[in-house]
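Subject: Structure handover

Hi,

Here is the structure for you to look at. My notes on the strand pairing follow below.

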Amino acid sequence: MEHGSIDAPRPPLMREGDPGGPPAVAPGPQPQRPIDGVVRCASCHRYPLVGEQVTRHIGRHGEEWACETCEREGRGRRLGAVTGGDRVRSLSGAANVHRAV
Ligand SMILES: [Zn+2]
């Protein structure tokens, strides 16, 4: 009977590679962040403002964003499946804006 058996945690990745060879590891898909002036609504082609909610779609052309208005009016659906959403942030600042008091 097993009683108080300890499971040793295994390493999550056992890389069976040939030593000396370059690791043939493709970089995984990075979650792209909507950035002001970079992300553009694929439906109405305008640039959402900082703080605006955008929805990410994956369609035939890859990753595309839909602005809040287009999403609400159903135009975003044509872009493909919804894979997430985020708020547009400024290029320099991060998610939180520092307030100089
Ligand atoms: Zn739009």
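**Strand pairing**

Strand 1 (residues 53-59) pairs with strand 3 (residues 81-87) over six bridges, in the antiparallel sense. The terms first. Strands (E, at least two residues) are DSSP runs, numbered from the N terminus. Two strands count as paired if DSSP finds at least two bridges between them.

This is a predicted model: local features need pLDDT of at least 70, side-chain atom pairs count only at pLDDT 80 or more, and totals for chains, interfaces and linings use all residues. Residues are numbered from 1 along each chain as its sequence is written.

Now the other neighbour. Strand 1 and strand 2 (residues 62-66) run antiparallel and are joined by five bridges. They form a hairpin, with two residues between them. G59 has G62 in strand 2 as its bridge partner.

Which residues does T55 face? In strand 2, its bridge partner is A66. In strand 3, T55 stands opposite G85.

Put together, three strands form an open sheet in the order 2-1-3, with antiparallel pairing. Strand 2 and strand 3 stand at the edges with a single partner strand each, so one side of each has no neighbour in the sheet. The twist averages 30 degrees from one strand to the next. For that angle, axes are lines fitted to C-alpha atoms, and angles run from 0 to 180 degrees between N-to-C directions.

Best wishes

Note on methods:
Helices (H or I, at least four residues) and strands (E, at least two) are DSSP runs, numbered from the N terminus.
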